[in-house]
Amino acid sequence: MPLLSACTPPTPLLRLGSNGWPGYLFIEWAAQSGRLPASQLRVIRFPSATLVMQGLAASMLEAACLTLDEVLTMRAEGVPLQVVAVLDVSAGADMLLVHESIQSLPQLAGKRIGVEQSAVGAIMLEAILQRAGLRPSDITLVPLLLNQHEQAFASGRVDAIITFAPHSSRLLAAGANLLFSSMSIPGRIVDVLAVRSDVLAAQRDNLQRMLDVHFQLLSAFDQQDRQTLAGLAALTDLPDASAAQVRSLFWGMHLPDRQENLEWFSGSNPRLLQSARQLQQLMQQRGLLRSQSSLDDLLHPLLREGGA
């Protein structure tokens with residue numbers, strides 16, 4: 001038996017990409033806290049999701065924290081990804097902000113709406129128009145990059161804008177009005193943990209240990225554990241932030257625990273798969289996908305009841 005153990009190859013290092021979005025910080029803290037050996041997990045933060053995706057495509061990363069639409073985009077481009085967990089769900093974090101002259105959604109008719117050309121922007125815009133009883137031709141769409149949101153709104157280039165933190169926080173503080181948010185479309189905008197299919201078998205133990213720690217940290221966060229809050233603060237631009245400031249980073253975000261994750265993945269037609277199919281259809285309609293790919297193997301049943 002000792003001889004057999006000595007011959008067993010060690011589990012390879014799991015390299016995971018993140019872009020610092022608050023919903024991903026628990027995964028980052030799982031790596032930084034020392035609860036997992038550095039030989040097992042290395043979280044690499046990139047300045048943008050685009051660079052994370054490039055790292056996955058080049059096999060420089062085994063896994064990444066991504067939005068569900070980013071996963072669908074990569075799969076359509078031939079990168080073998082599967083989703084193993086839901087990290088956060090937008091529940092108010094994505095917003096439609098307007099100037100004070102606009103008091104209701106139907107008043108958007110004839111107005112200029114700024115939005116990023118992404119699946120999240122398309123989801124929000126579709127829901128807003130449907131709620132307002134308007135068609136796309138009833139508004140003027142102004143495509144904007146994220147770093148253009150605040151200037152475009154402040155200068156009056158747009159009458160309304162679909163955006164999220166930190167841009168939304170600064171615009172609200174400057175007097176913008178909130179007219180609609182993702183709170184009205186629960187479960188539509190989702191962040192997930194995605195893993196390359198070609199390494200899943202080799203990384204199974206690492207991934208399960210990492211998710212065990214992730215859910216432990218979520219529980220500690222809910223209980224306002226000081227060490228956890230301090231660790232999360234250290235990963236932000238506010239290392240000396242108070243507990244209230246750290247918790248405010250997660251405003252408008254729902255953070256599913258292990259049990260809720262199991263519910264997202266369970267059944268003959270899992271909830272997450274339903275969301276992915278609806279999202280894929282919307283992305284195709286908006287020209288955001290180069291090709292259609294099967295979603296039959298999108299979800300991987302990695303999660304276990306109870307955990308470690």
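Modeller: Let us begin with H11 and H12. Helix H11 (residues 258-265) packs against H12 at an angle of about 60 degrees, and their axes are 5 Å apart. Axes here are lines fitted to C-alpha atoms, for helices over the stretch in contact, and angles run from 0 to 180 degrees between N-to-C directions. Helices (H or I, at least four residues) and strands (E, at least two) are DSSP runs, numbered from the N terminus.

Colleague: What kind of model is it, and how are residues numbered?

Modeller: It is a predicted model, in which local features need pLDDT of at least 70, side-chain atom pairs count only at pLDDT 80 or more, and totals for chains, interfaces and linings use all residues. Residues are numbered from 1 along each chain as its sequence is written, and side-chain values use heavy atoms, with hydrogens and water left out.

Colleague: Back to the pair. Are H11 and H12 parallel or oblique to each other?

Modeller: H11 and H12 are oblique to each other. Angles under 35 degrees count as roughly parallel, over 145 as roughly antiparallel, 65 to 115 as roughly perpendicular and the rest as oblique.

Colleague: Which residues of H11 and H12 meet?

Modeller: Glu-260, Trp-264 and Phe-265 of H11 meet Arg-271, Leu-272 and Ser-275 of H12. Contact means heavy atoms within 4.5 Å. By class, this contact of H11 with H12 has three nonpolar, one polar and two charged residues. For the classes, Ala, Val, Leu, Ile, Met, Phe, Trp, Tyr, Cys and Pro count as nonpolar, Asp, Glu, Lys and Arg as charged, and the others, Gly among them, as polar.

Colleague: What else does Arg-271 touch?

Modeller: Leaving aside neighbours within four places in sequence, Arg-271 is in contact with Gly-187, Glu-260, Trp-264 and Ser-266. Gly-187 is 84 residues from Arg-271 in sequence, with 8.9 Å between them in space, C-alpha to C-alpha.

Colleague: How does H4 pack with H12?

Modeller: Helix H4 (residues 68-76) and helix H12 (residues 271-285) pack at an angle of about 65 degrees, and their axes are 10 Å apart. That makes H4 roughly perpendicular to H12. On the H4 side the contact uses Leu-68, Asp-69, Leu-72 and Thr-73, and on the H12 side the residues include Leu-272, Ser-275 and Ala-276. The residues in this contact of H4 with H12 divide into six nonpolar, three polar and one charged.

Colleague: New topic. Which residues of H3 are buried?

Modeller: In helix H3 (residues 49-57), the buried residues are Ala-49, Val-52, Met-53, Gly-55 and Leu-56. They cover an arc of only 155 degrees around the axis, which puts them on the same side of H3. The arc is that of the directions from the helix axis to the C-beta atoms.

Colleague: What do they pack against?

Modeller: The buried residues of H3 pack against strand S1 (14-18), strand S3 (63-67), H4, strand S4 (81-90) and strand S10 (190-196).

Colleague: And what follows H3?

Modeller: Ser-59 follows H3, and it lies in the loop between H3 and S3. Ser-59 has a positive phi of about 65 degrees although it is not a glycine. Most residues other than glycine have a negative phi. Ser-59 is partly exposed, at 37% relative accessible area.

Colleague: What touches Arg-15?

Modeller: Not counting residues up to four places away in sequence, Arg-15 touches Arg-42, Ser-59, Met-60, Leu-61, Glu-62 and Ala-63. Arg-15 has its place in strand S1.

Colleague: Last one. How many residues of H2 are buried?

Modeller: Seven of the eight residues of helix H2 (residues 25-32) are buried, so H2 is largely enclosed by the rest of the structure. Among the elements that cover them are S1, strand S2 (41-45), H8 and H9. H2 is followed by Gly-34, whose phi is positive, near 85 degrees.

Notes
Buried < 20%, exposed > 50% of the residue type's maximum accessible area, 1.4 Å probe, protein only.
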